[in-house]
Amino acid sequence: MERAGEAGLTKLASKCGLPKTTAYRLLEQLVELGAVERCRGGYRMGPRLFRLGQGWQPHPGLRSAAREPARRLARATGAVVGLSVLREGQTLVLDWTVCETDEVFGPLLNDMAWPWFTAAGKVLVAGASPQLPLGPLPASWQREAAAIRDRGVAFDREELVAGVCCVAAPLHGPGGVPLASLCVVTDPAHSLDRLAGAVQQTARTISAALRGR
């Protein structure tokens with residue numbers, strides 16, 4: 001279902017290598033659980049998986065600790081604020097906080113998984129162990145990672161999407177372990193260097209809450 005998005009019984013049975021009768025039985029059981037739903041003569045992901053996914057977080061209290069500081073940051077900057085983690089070599093977005101958005105950023109908010117080399121991903125990879133399974137890294141990465149660690153923020157100046165820029169800072173939990181990242185997404189007209197201070201201050205506030213201070 002994840003790969004197909006939306007598909008009929010014949011296609012799903014073929015993809016799974018199952019007889020149609022078996023696939024139908026399993027799909028109907030998933031429908032009863034709410035994990036799959038019927039649509040236009042086929043099947044797609046159901047609302048229960050959405051609810052389960054919304055409840056996932058890499059650290060207890062991460063979403064609640066970030067919610068209000070992220071709202072304040074979005075109001076202060078007029079930008080989109082994202083809360084992300086790094087999973088399986090991708091930047092996985094947990095939440096978007098929107099103060100004002102437009103036709104440029106609106107479609108981006110539908111995508112919850114991005115390559116690791118977003119600013120939100122780079123700031124976490126820079127502080128991760130060398131064993132992180134990301135595949136071959138660019139030759140310039142060690143130099144960029146050192147600069148990220150030195151400054152405490154990572155930048156994306158239209159590297160991934162034209163017209164979209166981003167600055168991100170890590171969120172630290174108990175023991176100083178980076179758990180997630182906080183980022184501000186804006187357009188090239190805004191100075192990322194000026195936004196960096198606000199992002200870092202908000203990240204420190206959230207990190208203090210995660211450490212119980």
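A: A term comes before the values: buried means under 20% relative accessible area, exposed over 50%, and partly exposed in between (1.4 Å probe, protein chains only). This is a predicted model, in which local features need pLDDT of at least 70 and side-chain atom pairs count only at pLDDT 80 or more, while totals for chains, interfaces and linings use all residues. Residues are numbered from 1 along each chain as its sequence is written, and side-chain values use heavy atoms, with hydrogens and water left out.

Q: Why is glutamate 158 called partly exposed?
A: Its relative accessible area is 38%.

Q: Where does glutamate 158 lie, and what is its phi near?
A: Glutamate 158 is in the loop between strand S7 (154–157) and S8; helices (H or I, at least four residues) and strands (E, at least two) are DSSP runs numbered from the N terminus. Its phi is near 60 degrees, a positive value in a residue other than glycine. Most residues other than glycine have a negative phi.

Q: Why does arginine 40 count as exposed?
A: Exposed begins over 50%, and arginine 40 has 71% relative accessibility, so it counts as exposed. Arginine 40 sits in the loop between strand S2 (36–39) and strand S3 (42–45), and its phi, near 45 degrees, is also positive.

Q: What makes the link between aspartate 95 and arginine 63 a polar contact?
A: A polar contact is a pair of N or O atoms within 3.5 Å; within protein, one must be able to donate a hydrogen and the other to accept it, and residues adjacent in sequence count only if both atoms are side-chain atoms. The side chains of aspartate 95 and arginine 63 are joined at 2.9 Å, so the distance meets the 3.5 Å limit.

Q: What else does aspartate 95 touch, and why is it called partly exposed?
A: Leaving out residues up to four places away in sequence, aspartate 95 touches Arg63, Val81, Gly82 and Leu83, where contact means heavy atoms within 4.5 Å. Aspartate 95, in strand S5, has a relative accessible area of 26%, and is therefore partly exposed.

Q: What makes a set of residues a nonpolar core?
A: Such a core is a set of buried Ala, Val, Leu, Ile, Met, Phe, Trp, Tyr and Cys residues joined through side-chain atoms within 4.5 Å. The largest one here has 28 residues, and Val167, Leu171 and Val184 have the most contacts inside it. Helix H7 (192–210) is among the elements that give two or more residues to this core, and H7 gives the most, with seven residues. A second, separate core of 18 residues includes Trp116, Ala126, Trp141 and Ile148.

Q: How many residues of each class line the largest pocket?
A: The lining has nine nonpolar, three polar and two charged residues. Ala, Val, Leu, Ile, Met, Phe, Trp, Tyr, Cys and Pro count as nonpolar, Asp, Glu, Lys and Arg as charged, and the others, Gly among them, as polar. A pocket is an open set of points on a 1 Å grid over the protein atoms alone, where a 1.4 Å probe fits, with protein on both sides within 12 Å along at least five of seven lines; lining residues have an atom within 4 Å of a point. Of the 14 lining residues, Met45, Leu49, Gly53, Leu92 and Met112 lie nearest the centre of the largest pocket.
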